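Open the model in your viewer and keep the selection tool at hand. The stops below can be taken in order.

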Amino acid sequence: MITAGIDMGSRSIKVVLLEKISVENAPQLEFAVRKAHLMMPGELDADEAADKAFDDALADAGLSRADVGSVFATGAGRAQVKFATEGVTEMTAGAKGANYMFPAAGTVVDVGAEEGRGIKTDKDGRATDFAGNEKCAAGAGSFAEAMSRALQLSLSEFGAAALRSDKSIPMNAQCTVFAESEVVSLIHSSTPKEDIARAVLDAVASRVCAMVRRVGIEGEVVLIGGMVHNPGFVQSLKNAMAVETISLPELPEYVSALGCALIAAERLH
Amino acid sequence: MSNQAAAPTSPEKKEFWRWQENTWVDESRDWRDAKILTCGIDVGSVSSQAVLVADGELYGYNSMRTGNNSPDSARNALQGVMDKCGMALEDIHFVVGTGYGRVNVPFAHKAITEIACHARGANYMGGNQVRTILDMGGQDCKAIHCDERGKVTNFLMNDKCAAGTGRGMEVISDLMQIPIGELGPRSFDVREEPEAVSSICVVFAKSEALALLKAGYTKNMVIAAYCQAMAERVVSLLERIGVEEGFFITGGIAKNPGVVKRIEKLLGIQALDTQIDSQIAGALGAALFGHTLMMKQGAAKAA
Amino acid sequence: MIANYGYKDGSGEYYISIDTDQCIDCAAGRACLGACPKQMFEIITDDYDDEVACIKEANRRTLAFDCADCKPAAGHDSLPCTDACTPGAVRHSW
């Protein structure tokens, strides 16, 4: 049986189609991901975009809606997924997905475009506590994105540049809008772009870390969400959290959608 | 950026957020007749003002954009008004610095926080019935209660977040490509008042504004929705200290009726009127503090 | 004078309020200075020449994080700063 998880983020829609399988002599292989599909909504309305993302994912996997037993939705716009059987919070979905990929996960850090949060999870992937940056762009990916624009670097150049810096300069501004002016004045004072990039990512990391500390750091730390793709941020976060390693999933932006599909499957079987 | 002539912008990159800089001197008096001449300098994050006070009365001012360097901004602001009336720094008896860059006014005799200065300035501008002051500056928002002498009794200042600051207004002016001075009037040129933009965060409000345009809102409607959000935001800050009769608004945003009228409507209270440029309140208060200090010193000498 | 240090942003309202009238002649021997584990309090001479406690500039924009360790979530049922200020001049908004 196939279940689907849809993560309606603020910038993109992620769809995961999951198939329940059984492999002889390998009982741990319980599920197989049939398709992980990402779409940027562009000009479409949110509910149309959800429909299209789902249909595109099904088409790619050679399936139809009739093949899907249950669809669970998560993310800021989950109410827009009209065809979803049920909605779950980002915390529930994130913890489940991260736990599936890293069974020893105790602390899940989720940093997406507009939201960042720290989630505490038990060994079954149930979220037991969380803290987020809700409704403030500081402490989320858009902060880094705005600053990379000010530096005229692409996001990947931005992350790589930060890694080359060996200087840690503090940023005063807490707010994204004020930080932009601060970055501009740093550029004017001929501060190397590498150092500015690092300062920005350190700032995001310190805010994210403060949120995570509110729930406590325990067990394996897993980072999910789009910021996994930014190696500079991962390094800054390690420094801020004072941990040796942070586990990084492949396809980090799909973890919550995967969690959703897993919960759908659990409820179904 | 540090002098007024530096802003001839090319047509393709028009800076819509740029507001009017201005200088004024009381032509009916001559500063040379004054016994005590004091100056207040408010170096804010966005604008800098120099105010001259002759014998305890406002004599002249200059308001301009803050440059990259605080000491230069202070000097330029003062030079602008001194040039207009043929004054030299040596003629001024006492200089008080205030604002975010107050410690960087090299020729100031004293630094006083902008909270105390705004209350004192508002007390002069709006009269001694002023009790609640809302100051919306370039990068902060202050709510102040004061007594009949302009002494602060309760205050809060928000300079952490751009929501509810002039900077937030500049962002929308730039996004809409409409000069900042036109935002207020345009916000009333709508068939019906839209709901406020729901995001508090300026970054999210910006994406929300774009989405509203896409959804078919006219620019004026988006501006109205944004002005309403701005008003709701500052009112929520004011609520922490409460609002008393004798309400006065200072700072650049006082010049935007789109926000002021909406604040008045939300609070059910009219702001007191003044003929004086709302942006100079802090510097004016600083100069008045300077005057009081000179009077005290004079009294001490005479005794 | 009530001095409110802190801010309100999209995530909530975070203020430490100090009633300076009760603070001027401190009856608690400036216990707030030592009580705060982050040493966020300091004594200043304010604009009206009174010696009063305030929150350090650097902490005013980060209170939500700075105070997190003393909050109920961290297992406390009362705050060291408000407990130390026996005259009741220090208040916390959240």
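Which residue takes a positive phi just after H7(B)? Select B:Gly268: its phi is positive, at about 65°. Keep in mind throughout that this is a predicted model.

**Stop 1: helix H7 of chain B**

Now select residues 257-267 of chain B, which form helix H7. Colour B:Gly258, B:Val259, B:Val260, B:Arg262 and B:Ile263, the buried residues of this helix. Then show what lies over them: the cover includes helix H4 (183-188), helix H6 (219-241) and strand S10 (247-250), which belong to chain B.

**Stop 2: helix H1 of chain B**

Next, select residues 70-85 of chain B, the 16 residues of helix H1. From its first C-alpha to its last, H1(B) reaches 24 Å, close to the 22 Å expected at 1.5 Å a residue. Buried residues of H1(B) include B:Ser70, B:Arg75, B:Asn76, B:Leu78, B:Val81 and B:Met82. Which strands do the buried residues of H1(B) pack against? Select strand S1 (22-25), strand S2 (37-43), strand S3 (47-54), strand S4 (57-65) and strand S5 (94-98) of chain B to see them. H1(B) is followed by B:Gly86, with a positive phi near 65°.

**Stop 3: the domains of chain B**

Colour chain B by domain: domain 1 covers 4-127 + 279-302, and domain 2 covers 157-267. The centres of domain 1 and domain 2 of chain B, taken over C-alpha atoms, are separated by 28 Å. Where they touch, 13 residues of domain 1 of chain B are in contact with 15 residues of domain 2 of chain B. Select helix H2 (residues 114-126) of chain B, which supplies five residues, the largest share of the domain 1 side. By class, that side has seven nonpolar, six polar and no charged residues.

**Stop 4: where chain C meets chain B**

Bring chain C into view. Twelve residues of chain C are in contact with 17 residues of chain B. Strand S1 (residues 2-9) of chain C gives the most to the chain C side, with six residues. That side of chain C has six nonpolar, two polar and four charged residues.

For one pair to zoom in on, select B:Leu156 and its bridge partner in S1(C), C:Asn4.

**Last stop: confidence**

Colour chain C by pLDDT. Its mean is 90, and 95% of the residues of chain C reach 70 or more. For the model, the scores are ipTM 0.89 and pTM 0.84.

Key: Residues numbered from 1 in each chain as written. Chains lettered and ligands numbered in written order. Predicted model: local features only at pLDDT ≥ 70, side-chain atom pairs only at ≥ 80, totals over all residues. Buried ≥ 20, exposed ≤ 12 C-beta atoms within 10 Å, placed from the backbone. Helix = DSSP H or I, 4+ residues; strand = E, 2+ residues; numbered from the N terminus. Contact = placed C-beta atoms within 7 Å. Expected span 1.5 Å × (residues − 1). Nonpolar A, V, L, I, M, F, W, Y, C, P; charged D, E, K, R; others polar. Pairing = 2+ DSSP bridges. pLDDT = per-residue confidence, 0-100. Domains from an automatic or database assignment.
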